[in-house]
Amino acid sequence: QGFSAIGWTSAANFCLQNNFNYEEALKWIDIGIGMRETLRHYHIHSNLRETFTNLHVKAQLLEKKGQTKESEEVMKRAFTVADEIQLNAYGYELMGTKQLKEALEIFKMNVKKYPASWNVYDSVGEAYANNGDKKQAVENYKTALAKSPADQKTRISDILKNLEGK
């Protein structure tokens, strides 16, 4: 009863990371996700809600239980609430596990959602480079360079020189 939504999410994620107790973990994540309604019932205002993190944990738990369709539906919801940083981190998580095509799709989604951000172009450029598409990598790094703050320009310029063979 004393757990916050973050506590319930952490407990469910512990089960996920340690590959046990999925059924109970799903109950816990649902409690965490549903806490906003519980708090409203008691007239306590809170900004708790479905977040990318708790929905991502739930999707992974469902996948572990073989509930692929349900997992995919939860991830679709997760993408609608994800912010730029969360999508970027997820893309890098996928790249770290060699799921390069999936990572590229996440980074492209991030570009569509946040076209004013230099960082989304930097990340999608890296994903294209890792996928062997030098032309798209250069194009996106050039956009990142044009939008980037001064402290990133040298790094991005160096990546471009390397990609262009200069």
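Modeller: Quick ground rule first: contact means heavy atoms within 4.5 Å.

Colleague: Good. What is Lys108 in contact with, leaving aside its neighbours within four places in sequence?

Modeller: With that set aside, Lys108 touches Val124 and Tyr128. Keep in mind that this is a predicted model, where local features need pLDDT of at least 70 and side-chain atom pairs count only at pLDDT 80 or more, while totals for chains, interfaces and linings use all residues. Residues are numbered from 1 along each chain as its sequence is written, and side-chain values use heavy atoms, with hydrogens and water left out.

Colleague: How far apart are the C-alpha atoms of Lys108 and Tyr128?

Modeller: They are separated by 9.9 Å, and the two residues sit 20 residues apart along the chain.

Colleague: And which helix does Lys108 lie in?

Modeller: Lys108 belongs to helix α6. Helices here are DSSP runs (H or I, at least four residues; strands are E, at least two), numbered from the N terminus.

Colleague: Zooming out, how many helices and strands are in the chain?

Modeller: The chain has 9 helices and 0 strands. Of its 166 residues, 37% are buried. Looking at contacts with a separation of 6 or more, 48% join residues 24 or more positions apart.

Colleague: Back to α6, then. How does α5 pack with α6?

Modeller: Helix α5 (residues 84-96) and helix α6 (residues 100-113) meet at an angle of about 165°, and their axes are 8 Å apart. The pair is therefore roughly antiparallel, a label for angles over 145 degrees. Among the residues making the contact are Leu87, Tyr90 and Leu94 of α5, and Ala103, Ile106 and Phe107 of α6. By class, the contact has 10 nonpolar, 3 polar and 3 charged residues.

Colleague: What about α7 and α8, at what angle do they pack?

Modeller: Helix α7 (residues 118-130) packs with helix α8 (residues 134-147) at about 160°, with the axes 8 Å apart. That pair is therefore roughly antiparallel too.

Colleague: Which residues of α7 and α8 meet?

Modeller: On the α7 side they include Trp118, Tyr121, Val124 and Tyr128, and on the α8 side they include Ala137, Tyr141 and Ala144.

Definitions and conventions: Axes fitted to C-alpha atoms, helices over the stretch in contact; angles between N-to-C directions. Parallel < 35°, antiparallel > 145°, perpendicular 65-115°, else oblique. Nonpolar A, V, L, I, M, F, W, Y, C, P; charged D, E, K, R; others polar. Buried < 20%, exposed > 50% of the residue type's maximum accessible area, 1.4 Å probe, protein only.
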